[in-house]
Amino acid sequence: MVWPLMCKEGKYSHQRAEISSGLFIILSPIINSMPQYKNSVHSKLPKVGLTIFSKMSQLANEHNAINLSQGFPDFSCHPKLIELVHQYMLKGSNQYAPMTGVMSLRERIAEKTEMLYTAKYNPETEITITAGATQAIYTAIAAMINEGDEVLIFTPAYDCYEPAVELNGGRSVFVQLNGPEYKIDWDHVKKLINQRTKMVIINTPHNPTGTIFSMQDMQKLEKLLSGTDIIVLSDEVYEHILFDGYEHQSVARFPKLADRSFIVSSFGKTYHTTGWKVGYCLAPKELMVEFRKAHQYTVFSVNTPFQYALADFMNEAEQYLTLGQFYQEKRDFFLEAIKGSRFKFHPAAGTYFQSLSFADISDEKDTDFAIRLTNDFGVASIPISVFYNINHDEKMLRFCFAKSKDTLARAAEILNRI
C-alpha cells in the first residue's frame with residue numbers, strides 16, 4: 001500500500017523501505033536542506049572546535065598508539081571504592097542528592113582541609129559537591145563574571161578557562177609564562193590589573209607544565225590583591241600530587257587569599273576515577289551563595305551513590321596522603337627509562353604530566369611533531385603550544401605518566417629510538 005504525505009507545496013519525494021511483508025513506497029515532503037534558523041546562529045565560541053585531547057586520543061585509537069596524551073589512568077581505582085558504590089546502590093541511594101551535596105562527604109572535605117591547611121570551612125554553607133572540577137570552574141566564572149569584566153589567565157593554561165569567560169561576556173587577559181621553569185613575573189602581573197579586573201585564575205600544581213606555586217608566589221599574589229575586590233579562582237585538582245618533598249600551597253593556607261577565593265578540587269584525580277566526574281568547590285559563605293545560585297541551574301545535584309562511597313573512603317586518609325609518593329615513583333620510572341633518548345626535560349614538580357623538549361630532534365612545529373610521533377612511532381602526546389592564546393612554540397610535548405609501568409616502559413622504548 002502507498003501512503004501519501006503531502007507537503008504544503010503539494011510535492012512528494014519517494015523513499016523505499018523493506019518490511020517483512022514486502023516492498024512499499026513512502027511518500028514524504030521534500031525538505032529544504034538548509035535550516036531556516038541558519039541566519040540566527042552566531043557562535044559564542046567561533047574559534048573553538050574539537051579539543052586537542054579528543055583529537056589526539058582519536059588519533060591514538062586510529063593508529064593503535066600508546067596514549068600518553070589525555071590525562072587519565074590506565075589502571076583501576078581501589079577495589080574497596082567500587083565495593084562501597086555497589087553497596088550504596090543496593091541500599092537504594094539512587095535518587096537525587098541534595099543540591100549542595102551529601103552532608104557526610106562535605107564534612108569529610110572540611111575535616112581534610114582543616115587537617116592539611118589549617119583552614120576551617122563550614123560544610124553547610126561553604127562547600128559544594130560538583131559534577132567534576134570543570135563544572136565547578138565554569139560555575140564560579142558564571143556566578144561572578146559579567147559583561148566586560150576582565151579575567152587574568154596564566155598561559156599555558158588548561159583549555160576550559162577562556163571559553164567559560166567568553167561565554168559569560170568576560171574578557172580574558174593573558175599572562176604568558178615561558179619554559180622551562182614557567183615562573184610568574186608578579187611585577188608584570190601588577191601592570192595588567194585595572195578597575196575592570198574581576199578575577200585571577202591560578203592553577204597549582206599546574207597543568208600542562210607540572211610546575212607548582214611556591215609560598216612566595218602566594219604571598220606575592222596576596223599582596224598584589226590587597227585593597228582590591230578581585231576574586232581568585234584556584235584550580236587545585238592535583239593538590240595531592242607533588243614530588244620531591246614539596247608541600248601543596250593551597251589558597252586555603254593564606255587567610256587573606258582564602259577570603260576572596262573559590263578553591264576547586266577533584267576526586268577523579270585523587271582516586272583514579274576521572275570518569276565519575278565528581279569534584280567540589282570551597283569558598284567563603286558570601287561567594288558560595290552566588291556559586292550555588294548558578295550551580296542549581298547547571299547540574300543541580302551530583303551522582304548520589306558515588307558521594308556516599310567517597311565519604312566513607314575519605315576516612316582512609318593514607319589513600320590521598322600517599323598519592324604523591326605513588327605518582328613520584330611513576331615519574332621517576334618514566335624519566336629513568338627515557339634517559340637514553342634525545343628528549344630533554346626538567347622533572348615535573350607536581351601533577352601526573354611530564355613535559356619533554358624535542359628541540360634536539362626536530363625543528364617541526366610541536367603540533368606537527370606530535371601528530372608524526374603518533375602516526376609514525378605509536379606514542380600520543382599533547383603539544384604545549386595549544387595551551388597558549390598566541391603562536392608560541394617551544395618544541396615541548398606533554399606526556400601523561402598516570403599509566404602502568406608496562407605502558408610507560410613500552411612508550412619509553414619507542415621514544416629512545418627517535
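These legends describe close-up views of a predicted model. Local features need pLDDT of at least 70, side-chain atom pairs count only at pLDDT 80 or more, and totals for chains, interfaces and linings use all residues. Residues are numbered from 1 along each chain as its sequence is written, and side-chain values use heavy atoms, without hydrogens and water.

**View 1. An open sheet of seven strands.** The strand order is β4-β10-β9-β8-β7-β5-β6, with mixed pairing. Strands are DSSP runs of E, at least two residues, and helices are runs of H or I, at least four, numbered from the N terminus. Two strands pair if DSSP finds at least two bridges between them. At the edges sit β4 (127-130) and β6 (171-176), each pairing on one side only.

**View 2. Strands β9 and β10 side by side.** β9 (residues 261-266) and β10 (residues 279-282) run antiparallel, joined by four bridges.

**View 3. Helices α2 and α11 packed together.** α2 spans residues 79-91, and α11 spans residues 304-313. Their axes lie 8 Å apart, at an angle of about 130 degrees. Axes are lines fitted to C-alpha atoms, for helices over the stretch in contact; angles run from 0 to 180 degrees between N-to-C directions. The two helices are therefore oblique to each other: under 35 degrees counts as roughly parallel, over 145 as roughly antiparallel, 65 to 115 as roughly perpendicular, and the rest as oblique.

**View 4. The contact of α2 with α11.** Contact means heavy atoms within 4.5 Å. From α2 come K80, L81, L84, V85, Y88 and M89. From α11 come P305, F306, Y308, A309, L310, D312 and F313.
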